[in-house]
Amino acid sequence: RLEDKRAHTKHMIRFRPDEASLCVGDVFPEVVLVNSHDGSSAYKLMAGMYRLVCSNGLTVSDSMIESVNVRHLGNITAQVVEASHQLTERLPEAMETVREWQTIDLTPNEQGVFAEAAHSLRFADARGDIDTPIQPAQLLAPRRRDDDGADLWSTFNRVQENALKGGLRAYKPGSRKGTSTRAVKGISEDLRLNRALWTLTERMAELAR
């Protein structure tokens, strides 16, 4: 299966296998291809995941499966195909990580620490300052009953979806006008935040084992 997403200067295509044996519950592995429209940057291929229940795309960080860059030189098609095969061979590792995260239960305090770190990743500016009434705990709110679990995988999914899909509301102190978060639309920011959250989850898994 193929999903095409475009932004101002970049083009992202997500390739999903049809083999049910590769899935973990409602999660399927992917190969994600990102390219600039004008050829100014190399093709970038990375591992990803697609969660059917929320039509949400996740991206695996380089610490799990290193991404591959293909320059716009030579036989590009063959190089992209070869890079895709390399990533596909390692996708079972990422799916095994998902299974492991499903077995790690977090305490309420650990979930709070995770949400605070994710809150900074989502809302902090280049200097690390945060100017939003949205609270870290709002990132932990489940959007569906099946995600209301204490395990690390459920926690990651709640935070990732709330951070990227927007729709969180809050009021600034002393103001009657509420603010609502917008969905992350840009491909670069989507990838940055997704991969940073994946890395954060890896670190939490190490601490919680």
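Buried, here, means under 20% relative accessible area. Keep that cut-off in mind. Glu161 has a relative accessible area of 3%, so Glu161 is buried. One caution before I go on: this is a predicted model.

Let's stay with Glu161. Its partner is Arg144, in a salt bridge with the closest N and O atoms 2.8 Å apart. Arg144 sits in the loop between H2 and H3, and Glu161 in helix H3, so the pair ties together parts that are 17 residues apart in sequence. Arg144 is partly exposed, at 22% relative accessibility.

Next pair. Arg51 bridges to Asp26, and here the closest N and O atoms are 3.7 Å apart. Arg51 belongs to strand S4. Asp26 belongs to the loop between strand S2 (10-15) and S3, so this bridge links parts 25 residues apart in sequence. Arg51 is buried, at 6% relative accessibility. Asp26 is partly exposed, at 24%.

Arg203 and Glu206 form a salt bridge, 3.7 Å from N to O. Both lie in helix H4, three residues apart, about one turn of the helix. Arg203 is partly exposed, at 41% relative accessibility. So is Glu206, at 47%.

Through shared partners, salt bridges join Asp26, Arg51, Arg144, Asp147 and Glu161 into one network. The structure holds 11 salt bridges.

Which side chain of opposite charge is nearest to Glu202? Arg203, 4.1 Å away. Glu202 is buried yet has no salt bridge. The Glu202 side chain does make a polar contact, with the side chain of Ser61, at 3.4 Å. Beyond its sequence neighbours up to four places away, Glu202 touches Ser61, Ser63, Met64 and Trp101.

On to the nonpolar side. The largest nonpolar core has 45 residues. Those with the most contacts inside it are Leu45, Met49, Leu152, Trp153, Leu197 and Trp198. H1 gives the most, with eight residues.

Take Trp198. Leaving out residues up to four places away in sequence, its contacts include Met49, Trp153 and Phe156. Trp198 also touches Ser61, Met64 and Trp101.

Last item. There is a second, separate core of six residues, including Val34, Met46, Ile187 and Leu191.

Methods: Residues are numbered from 1 along each chain as its sequence is written. This is a predicted model: local features need pLDDT of at least 70, side-chain atom pairs count only at pLDDT 80 or more; totals for chains, interfaces and linings use all residues. Side-chain values use heavy atoms; hydrogens and water are left out. A nonpolar core is a set of buried Ala, Val, Leu, Ile, Met, Phe, Trp, Tyr and Cys residues joined through side-chain atoms within 4.5 Å. Buried means under 20% relative accessible area, exposed over 50%, partly exposed in between (1.4 Å probe, protein chains only). Helices (H or I, at least four residues) and strands (E, at least two) are DSSP runs, numbered from the N terminus. Contact means heavy atoms within 4.5 Å. Lys and Arg count as positive and Asp and Glu as negative; His and the chain ends are not counted. A salt bridge is a side-chain nitrogen of Lys or Arg within 4 Å of a carboxyl oxygen of Asp or Glu. A polar contact is a pair of N or O atoms within 3.5 Å; within protein, one must be able to donate a hydrogen and the other to accept it, and residues adjacent in sequence count only if both atoms are side-chain atoms.
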